[in-house]
Structure formats: structure tokens, C-alpha cells
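Please consult the sequence and the model while reading.

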Amino acid sequence: MVSAPLPVCLPVPAPPVDPHRVVALVGENQELYPVTSASAVFGYHGRLIPQHYGFSLSTERPGPLTTTLGATIHVEHGLDALAGADTVVIAGWTLAPTPAVLDAVAAAHARGARIVAVAAGIYIPAALGLLDGRRASVHWELRADLAARHPRIIPDDTVIYVDHGDIATAGASAATLDLCLHQVLQEHGASHAMRIGRQLAAGPHREGCQRQYPPLPTTGPMPDSLAGLLEWLLAHLGEPITVDDMAAYSGVSPRTLTRQFTDQLGVPPARWLLERRLAATRALLEDTDLPVETIAARVGLSSAVNLRRRFHTALHTTPAAYRRSFR
């Protein structure tokens, strides 16, 4: 008698012994976008991507919580959850947080937890004095009010996020994904952050220096006029592409294209392309044993000499030292 073949099971990677605990602090009339963005980055990504984080919600009064979506969510954990947090994401709040909330966040920060404040969440670290004398990304609609309430903060309504290590601020909800991926990149490298970003089908990771919004005379939605060009550039990263080539592909003049990049991405087109090439370089250094010369050709930096020079200028280290740190 022939035995039936045993089923093939993929091994399930063991979770880390002590994952980095991310707790999102939420409140009444909660906007869900920053919460779901944080959970998408710090949550479970399946068997093939290592799980470095644990994610949960907390609120001042556990139980049902209203949202801007019109649906109610149930939050089980109270402020005591912050006592065990490694990162506290303040995903939205009122302009006047209660003493209990302030005490819980202050205790978490004093213990060494990282505080990530999104949009109106900035009022909590601001009220605690954690941003005094520091630059902070603030939504352009909140800048005047924040400056009046907390004049010792240096508000910046032009960048999407600012990270000081212990405190990070994102001016708008849409920057939550970028700021969370930035944290993953800092803690686990570009390759891991890019794997998560690809799984989420996120656009290319935006650096904090990029603009919050274009200086348009309307507050309506911004048309994503550069999407086709950006996808084309990423697909042809190894080719020698000039600003004139980009402009020809887009059907506009180089001057117009430069203005569009500066308005919508905060950097000129050549700078944006160089940043993407350096990001691809970091991923290849982490994931492969390819020689620097081969990597330079793949990412469009022409030679090992040029790659090393560009890499050192941007990251203040060499490709070899970077590879040793992340391999």
C-alpha cells in the first residue's frame, strides 16, 4: 500500500522574543487614516517578512470610540498601555489634552519611549515642553495656533515630518506612512523598509524634507501629475537619464518640470532621482553580495568611484562600512 504524501508546510518564522511595542494613542472622533497607516507598517506582514513590531491601541477611557468615518471602534486598553510602549503614536487629539493623558505620555517619554505625533497630536508633546527650542513639522492650518499657544517651538509647515529621535512630528495624516517607514528604515535598514513598502503598494518613500503641500491657490486635492514620470524613472533607474530626458517624457520644458518637482516633492528632479538611486544602492548592499561596480551600473551611478562619492556625501559612510553594518 502506497502511503499518501505528507503535506508540505512552509516554516513560520519565530516572532522576536521582545518585539518593539508600538501603541497608538487615540481619542474621540478619531480619524482612522493615521491609525491604519501606522498599523499597516508596524503590524503583521505574513510569513516571509520578519516581524519586528507589535501594534495596539489605547485611549483614556477604554470602550467604544467614535470616528470621523461614522463607525465606532472598540479600544480595549487604557493609558496604562503606554507604560509598556517603546513607541507611542499620537494619531490625533484635541487641542487641550487632559492631565491624565499628559502624565501618561510624559512618563513614557521619561522612560525612553519614542513619541510620534501626527497632525493635532503635536499639542501633547508641545504641552509637555518636549518640543521647546526644537523644529517641528506642523500642519499649515495649525501653525498660527500652535505658535500662539507654544511660542518656544519652531514650527515648520513646509516639510512632511521632522525626526529628533526621541520625538518625531508629522504635519499631516498623509505623512504617517512615510514617518513610520522612516522609523523602520532607521531601525532595520532600507531593505526591510522597502519590503514593507512594496507589500503595501506604497509610493516611493518620501524624505522628511519634502514639502507638505504645493503652494497652489486652492485647498482642494492635489493632482498627482508626476505619477507616470516617477514610475518610469523607477523602472529605468540604471539608465543615464537627464532632466531634459524627464522633461521630454513628460512633454514639458525642463524649467516647468523643475518647478513641478520643487512644488510637489520639495526637491528638484535631479535630486529626487539621486535619492532613489541611493535608496536602491542601500537595498542592494543589504540584500546582495554584488560588487560596488555592479551596483553602480544597476542603479545608474555609472562607476564605483561615483557611487562611493555620492554615498559618502549623503550618508557619511562608505558602501563597505554600510554593508558590514546591515549584512
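Q: Which residue of β10 does V116 stand opposite?
A: This is a predicted model, in which local features need pLDDT of at least 70, side-chain atom pairs count only at pLDDT 80 or more, and totals for chains, interfaces and linings use all residues. Residues are numbered from 1 along each chain as its sequence is written, and side-chain values use heavy atoms, with hydrogens and water left out. Strand β6 (residues 114-118) pairs with β10 in the parallel sense over four bridges, where strands (E, at least two residues) and helices (H or I, at least four) are DSSP runs numbered from the N terminus and pairing requires at least two DSSP bridges. Within β10, the residue opposite V116 is A168.

Q: Which residues of strand β10 point the other way from I167 and T169?
A: In a regular strand, side chains alternate between the two faces of the sheet. In β10 (residues 167-170), all of these residues are buried, that is, under 20% relative accessible area with a 1.4 Å probe and protein chains only. I167 and T169 point one way, and the other way point A168 and A170.

Q: What is the bridge partner of V162 in β10?
A: Strand β9 (residues 161-163) pairs with β10 in the antiparallel sense over three bridges. The two strands form a hairpin with three residues between them, and G165 in the turn has a positive phi of about 95°. The partner of V162 is T169.

Q: Are α1 and α5 roughly parallel or roughly antiparallel to each other?
A: The axes of helix α1 (residues 32-42) and helix α5 (residues 176-199) come within 9 Å and cross at roughly 10°. Axes are lines fitted to C-alpha atoms, for helices over the stretch in contact, and angles run from 0 to 180 degrees between N-to-C directions. Angles under 35 degrees count as roughly parallel and those over 145 as roughly antiparallel. The two helices, α1 and α5, are therefore roughly parallel.

Q: Is T59 buried or exposed?
A: T59 lies in the loop between β2 (53-58) and β3 (63-66). Leaving aside residues up to four places away in sequence, T59 touches L25, V26, G27, L65, V75, H77, G78 and L79, contact meaning heavy atoms within 4.5 Å. Because its relative accessible area is 3%, T59 is buried.

Q: Which residue of β4 stands opposite G63?
A: β3 and strand β4 (residues 72-75) pair in the antiparallel sense over four bridges. They form a hairpin with five residues between them, and G70 in the turn has a positive phi of about 100°. Opposite G63 stands V75.

Terms used. Buried means under 20% relative accessible area, exposed over 50%, partly exposed in between (1.4 Å probe, protein chains only). Angles under 35 degrees count as roughly parallel, over 145 as roughly antiparallel, 65 to 115 as roughly perpendicular and the rest as oblique.
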